[in-house]
Every structure is written in structure tokens, then in C-alpha cells.
Amino acid sequence: MVPRVPDCLLLPPDPEQLLSRILESRPRPARRASLPAPQRRQGAPAPHRPSPPDSTALVGTSEHRWQPGRRRGTMIAAVAAVALVVALVAAEGSRAQPAAASTIPSLSYGVGDLAESSLDELPDASATLRGLADAARETPEPVRTGTVQHVVAQEWLGETGPAPDGSGQATSVYPTVTERWLAADGSGLITQRRAGAVTYDGAINTEAGPSLAGELSSDAVLPGTFDDVARLPEDPAALAADILGRSSAECSLDDWKGYCLTEQVQTYFGSGVVPQDLTGAFWDMLAQQPTVRLLGPTTDRAGREGTAVAVEAPKIPEDPSDDESVLVLIVSEETGQLLATEMLTLRSDLLGVTSPTVTGFSAITLSEYTTEVGR
């Protein structure tokens, strides 16, 4: 039942080596095929539900996602959860260097730079999303070799808990490999392997202790926990209505729709295998949202080429904070499959961010069908 994980996470991390990998993690197109992309999966859809399962249906719950300050309220839980996902950067072949703090590099986009312009100044993404939808539908479904969905994500996950000095709450970020297996009966397994904590500026976090969940954790998901993705409608309008109907009330507001739908789409891809026709429906659905803007061609942190679209995270009315963040999706132009997500925080009192900073990253490095849960 032990997941296949990179060697770098099987042993206690060497601080200097880990930091050098982080700082040398700029995209390299030449390595596009070095990691298995989501489109290299081996099957078609199976049951899963995008929203987190009821805690009563889990055995030994230990999957940790970042939870922003409670002051934002539970009604933004679905929106805030994604803001806390950061990436495990796999810098293959990097050369060890002395540890030194440095800002995690932003990706380069062909159309716009959010560090220099506002999201409203970027082009509408509708035409590009419709093209991605066509590419998805034109891509044949790989032959299914089993009935169990298997998804692997390389990411950083944040944990909020008591500060080591007892002064209150503190947030620490742990490089993590997450693997999910989902069986046809709605059961499954979620495993996570964690390295030592790091900070947003790329330095080793010497003040943070080990993850409360441990270096390795596993959640056994009981049968019936996950719904069947095949039940989702493929008409874009009906699909949006279905998703918003199961979301918080705020998601029905015009300023919230684009973000809620975009966030839910990335949740689907991170939770299981998404078939090509449904993938096309997702992009057609987002094409109808004017708040989704175009960033243009880019290369993700796994060296894969794609097109990026972005949407601004909404703010709760009467929220006194000045937090501003943008969710970015990177999509393969060849297959329409989601490759990665990034969270760019423009400013945040909670995180201490005063200028555009990459605070989120998750790369889906494998999405396939297999024959057994845990293997």
C-alpha cells in the first residue's frame, strides 16, 4: 500500500539540497516529456465527487490543506482551500548550491504579467477556452486497463496550527507528494509523503516543526463516499448550474461564479480522471464566464507547454482584509487536459505578502486508470 514516490522524499531532506532544487526550478521546455503528463492516462471516467468527503466517512483523516484565517468564514471554504496549495518543484538534475533565501520564480506568460498589470487589463479567455474544448473532444480516450482511478500531484501543502513558541497560530508549508486512488464503488485511498517545511521566499523554515500529520499519512475512503463523475451534464449551462447548485450561496453571485466554477474544475482534475468530453464541457462552461482572463502560452514547472487562464479570487463583503489573489490554470493545447495550477497572491495581511508572490502551485504529474487501489 506504500505509494511510489520520488527518492528525494523517501529520506529526511538535506536542507541545502532541497533549497537548491526550489531555487533552480524554472521551467525548461526541453524536459517536457520528463514527467508523465495527465493526458498520458490509461482510461476513461469513474466515480468521484469534487467536494471533500464527510469526515465521518473517512478512516484516519490526515490529508492537510491550507486553511486561511477563520475570519473569512466557512462560506468561503471551497474558495480558500485552493489558495493554500503550493507546489513541490522537481528540479531534475539541479546542482547543489549554498542555501540562500530567494523568491520562488514566477512563470512567464505570453500575453500578460500580473506583476505589471491588473487582471481586468488582460484579454477575455473565451475564444482560447473554446479552442481548448475542441482539442479535448478531438483527443481519443486512452484504453482503460482497470477500474481504479489513480492521480499523482507534486505540490506544497500548508498547515495552520499552534506556533512553536506558543504565541498563537502559525502556518508552515511542507513539500508533499499526494496520491489518490478511487475505486468504482466510491472507495479509495489517499496517501501523502511530506518533506521538511519551507517558507514562501524559498528558504528552509528552521522555526517550523514536523508536519502534524507525519512524514507519511494515509486515508482510507469508505465505499459510497465519492459520486460518479459520469452523472455530470455535458451541456455547459447545465454543468454550471449543477456545480453552483452544490456550492455555497455566494457562488451564485455574478462576482463569484467564475472563481467558484474554476476552483471546482481544478478540484475535479486533482481528484480523479476526467474524460475528454467532460473536459471539453468544462472549458466551454468557463468560456461563458467574463471574469476568466487569458494569460497566454507558458511552460509549467514540470516542463510541459500549455495555455494559462486566470481568475481573481472574490472577497467576502465587509471583510476588512486587503487580501488579493489570482488562481491560474495551465491547460495542454494538445489534449485539453489540465496540467497544473498556480496561486499568485498580490497582497495578503495573513501571509505577510505586499507584492505579487507565488504562494500556490500544484502539478498533476499522473492521471490514469489502474487495477488496484494503492498500486
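A residue is taken as buried when its relative accessible area is under 20%, as exposed when it is over 50%, and as partly exposed in between (1.4 Å probe, protein chains only). The model is predicted, so that local features need pLDDT of at least 70 and side-chain atom pairs count only at pLDDT 80 or more, whereas totals for chains, interfaces and linings use all residues. Residues are numbered from 1 along each chain as its sequence is written, and side-chain values use heavy atoms, with hydrogens and water left out.

Helices (H or I, at least four residues) and strands (E, at least two) are DSSP runs numbered from the N terminus, and two strands are said to pair if DSSP finds at least two bridges between them. Strand S3 (residues 148-162) is largely enclosed by the rest of the structure, because 13 of its 15 residues are buried. S3 pairs in the antiparallel sense with strand S4 (residues 169-182) over 14 bridges, Val152 having Glu179 as its bridge partner in S4, and also with strand S11 (residues 357-370) over eight bridges, again in the antiparallel sense. Six residues lie between S3 and S4 in a hairpin, in whose turn Gly166 has a positive phi of about 75°.

Helix H4 (residues 236-245) packs with helix H6 (residues 276-287) at an angle of about 85°, the axes being 9 Å apart; axes are lines fitted to C-alpha atoms, for helices over the stretch in contact, and angles run from 0 to 180 degrees between N-to-C directions. H4 and H6 are therefore roughly perpendicular to each other, a term that covers angles of 65 to 115 degrees. Through contacts (heavy atoms within 4.5 Å), Pro236, Leu239, Ala240 and Ile243 in H4 meet Leu278, Ala281, Phe282, Asp284 and Met285 in H6. The buried residues of H4 pack against H6 and helix H5 (254-271), and Asp242 is among these buried residues.

Eight salt bridges are found in a search of the whole structure, each being a side-chain nitrogen of Lys or Arg within 4 Å of a carboxyl oxygen of Asp or Glu. Asp242 is linked with Arg231 and Arg246 in a network of salt bridges. Arg304 and Asp300, both buried, form a salt bridge in which the closest N and O atoms are 2.8 Å apart. A further salt bridge joins the side chains of Arg347 and Glu324 (3.8 Å, N to O), and this pair links distant parts of the chain, with Arg347 in strand S10 (residues 338-347) and Glu324 in strand S9 (residues 324-331), 23 residues apart. Arg347 counts as partly exposed at 38% relative accessibility, and Glu324 likewise counts as partly exposed, at 29%.

Note on methods:
Parallel < 35°, antiparallel > 145°, perpendicular 65-115°, else oblique.
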